[in-house]
Amino acid sequence: MKLALIIDDNQVDRDAVGDLLKRVQIRSEMAVDGSDGIRKIKKMHYDLIILDLKMPGVDGEQTLRIIKKANASIPVLIVSGYLTKEKFSKLQNLGVKGFLTKPINIKNFYQAVNQIYPINTGTN
């Protein structure tokens with residue numbers, strides 16, 4: 001079973017994404033901010049990172065840079081309500097695999113995850 005790390009300072013969003021992943025047999029762990037996520041990545045292997053951008057302390061972009069230095073091949077999905085065209089280009093150059101806006105559209109979420117790991121959503 002795949003293991004994802006959800007890095008988001010909003011508990012409601014973390015729980016919602018975790019529930020969506022559980023429906024497609026992807027286990028998840030939670031990190032409450034970028035620093036927490038970085039600590040967890042250094043201790044554990046994850047198959048997928050789902051990362052918010054706007055967080056206190058170490059923000060999503062800084063977290064992404066550190067994640068990619070630690071493991072350049074780990075797929076990262078950005079989930080954010082604050083995605084500008086400029087930020088999109090910058091993050092794409094850092095190796096992000098997909099982008100989703102908040103609030104999360106369930107169909108778009110599963111399509112983005114499916115591009116990384118084929119999943120069965122029961123709606124195909």
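What follows goes from the overall fold to the salt bridges.

This is a predicted model. The chain has five helices and five strands. From the N terminus they run β-α-β-α-β-α-β-α-β-α. The radius of gyration is 13 Å, close to the 14 Å that the globule rule gives for 124 residues, so the chain is as compact as a globular protein of that length. The C-alpha trace spans about 35 × 35 × 25 Å along its principal axes.

Of the 124 residues, 43% count as buried. Take the contacts with a separation of 6 or more: residues 24 or more positions apart account for 62% of them.

Now the charges. There are 19 positive and 13 negative ones, and their mean positions lie 5 Å apart. Salt bridges number seven.

Start with Lys102, in the loop between β5 and α5. Its side chain forms a salt bridge with Asp8, at 2.8 Å between the closest N and O atoms. Asp8 sits in the loop between β1 and α1, 94 residues away from Lys102. Lys102 also meets Asp52 in a salt bridge, at 3.4 Å from N to O. Asp52 lies in the loop between β3 and α3, so this pair ties together parts 50 residues apart in sequence. Lys102 is partly exposed, at 24% relative accessible area. Asp8 is buried at 5%, and Asp52 is buried at 4%.

Another salt bridge is local. Arg65 and Glu61 pair at 3.0 Å, N to O. Both lie in helix α3, four residues apart, about one turn. Arg65 is partly exposed at 38%, whereas Glu61 is buried at 9%.

Methods: Residues numbered from 1 in each chain as written. Predicted model: local features only at pLDDT ≥ 70, side-chain atom pairs only at ≥ 80, totals over all residues. Heavy atoms only, no water. Helix = DSSP H or I, 4+ residues; strand = E, 2+ residues; numbered from the N terminus. Rg over C-alpha atoms; globule rule 2.2 N^0.38 Å. Buried < 20%, exposed > 50% of the residue type's maximum accessible area, 1.4 Å probe, protein only. Contact = heavy atoms within 4.5 Å. Lys, Arg positive; Asp, Glu negative; His and termini not counted. Charge placed at Lys NZ, Arg CZ, Asp CG, Glu CD. Salt bridge = Lys/Arg side-chain N within 4 Å of Asp/Glu carboxyl O.
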